[in-house]
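Look at the structure first, then read on.

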Amino acid sequence: MSSAASDLVKNFEDVRQRIDRAASRAGRRAEEITLIAVTKTHPASKIVSLYDAGARHFGENRVQERESKLGDTANLAATWHMIGHLQKNKVARVPRIFTSVDSVDSIALAEKLDRAAGESLKSKNENGDLNPHSGDTRLRVLIEVKLDPEPAKSGASDGDLPRLVEAILRMSHLNLQGLMGVPPYFDNPEDARPYFRHLRELRDNLRKGLGARALPVLSMGMSHDFEIAIEEGATEVRVGTTLFGQRDYTE
Ligand SMILES: *Cc1c(COP(=O)(O)O)cnc(C)c1O
C-alpha cells in the first residue's frame, strides 16, 4: 500500500474512533451514525482505498464530477450521496448515479427529481435491470434546511419546511428520510451546537404531525464539528478534510 493510501486508512480509523467516543458521550450507539466520506476534488483511486478500508457511504457535490469517477467506482457496493446544490438541467442524470439526494430545498426541484426517478425506473424495467426483490425503488432524499443566515447559502427556510415535507411525501418516486443542514463556520465548533440543536428540534416538531418514527435521518456535522453534531443527534456526518487533507481546487 502506498503511504498516501495508508494515511487515508489511518485517518478513516481515527474518525471512526472519534465517532464512537462522541456517541458514547451522548449515550448513543456508534452503529446509529453513518460516516459519509466526502470525496469531491479527490480521485477515484482514493475512493477505492477507503472502500477497501470499510467505507460504504460517499458524498459528492457535483453531477459531472461523480460521472467522471463512475468508470472506476461502478462495481463498489456503496451508497452515493449528492450533497451539493443541484442545477435543474442536470436532474435527469441524478437517479442513475446517486442513491440519495441530501440537498433538496424546493418543491420545484423535488418535482423534477420525482419525474427523473420515475423515468429511470421505467428504463430499468424495460432493460430488465430491475431486481424484483430489491424492495423500495424510490430515490432517497433529505431536505436541506438553511441554517446559515448568509444569503448565498442554500436550503429551505424554516417557514417553508412543513409545506415542502408535505409535498415530497405525496411524490411517488421519492423516499423522504430526514433533514440535512450546514451551520455557519465557527473557529470554536462548540458555537455550532445551537444550530445542530435547532435542526433536531425542527425534525421533532415535524414528528408531531407525522409520527414519532418519521424523518429518522439528521445529516449534520463536518470535519471540524462532527462530534458536536453527534452529541446533538446527528445520524449521518459528512467528513472530507479530516480524511483526505485540504482540498486543492486548482487541479
Ligand atoms: C465539502 C462538504 C462537506 C465536507 O466538508 P469538510 O469540512 O471537508 O469535512 C460536508 N458537507 C457538504 C455539504 C460539503 O459540501
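Q: By class, how many residues in the lining of the largest pocket are nonpolar, polar and charged?
A: This is a predicted model: local features need pLDDT of at least 70, side-chain atom pairs count only at pLDDT 80 or more, and totals for chains, interfaces and linings use all residues. Residues are numbered from 1 along each chain as its sequence is written, and side-chain values use heavy atoms, with hydrogens and water left out. Nonpolar means Ala, Val, Leu, Ile, Met, Phe, Trp, Tyr, Cys and Pro; charged means Asp, Glu, Lys and Arg; the others, Gly among them, are polar. The lining has twelve nonpolar, eight polar and eight charged residues.

Q: Which residues lie nearest the centre of the largest pocket?
A: A pocket is an open set of points on a 1 Å grid over the protein atoms alone, where a 1.4 Å probe fits, with protein on both sides within 12 Å along at least five of seven lines. Lining residues have an atom within 4 Å of a point. Of the 28 here, those nearest the centre are K40, K153, V182, M222 and R238.

Q: Why is strand β5 largely enclosed by the rest of the structure?
A: Strands are DSSP runs of E, at least two residues long, numbered from the N terminus. Buried means under 20% relative accessible area with a 1.4 Å probe, protein chains only. One side of β5 has L139, V141, I143 and V145, the other R140, L142 and E144, all buried. β5 is largely enclosed because seven of its seven residues are buried.

Q: In β6, what is the bridge partner of R140?
A: Strands pair if DSSP finds at least two bridges between them. β5 and β6 (residues 174–181) are parallel, with seven bridges. In β6, R140 has as its partner N175.

Technical notes: Buried < 20%, exposed > 50% of the residue type's maximum accessible area, 1.4 Å probe, protein only. Helix = DSSP H or I, 4+ residues; strand = E, 2+ residues; numbered from the N terminus.
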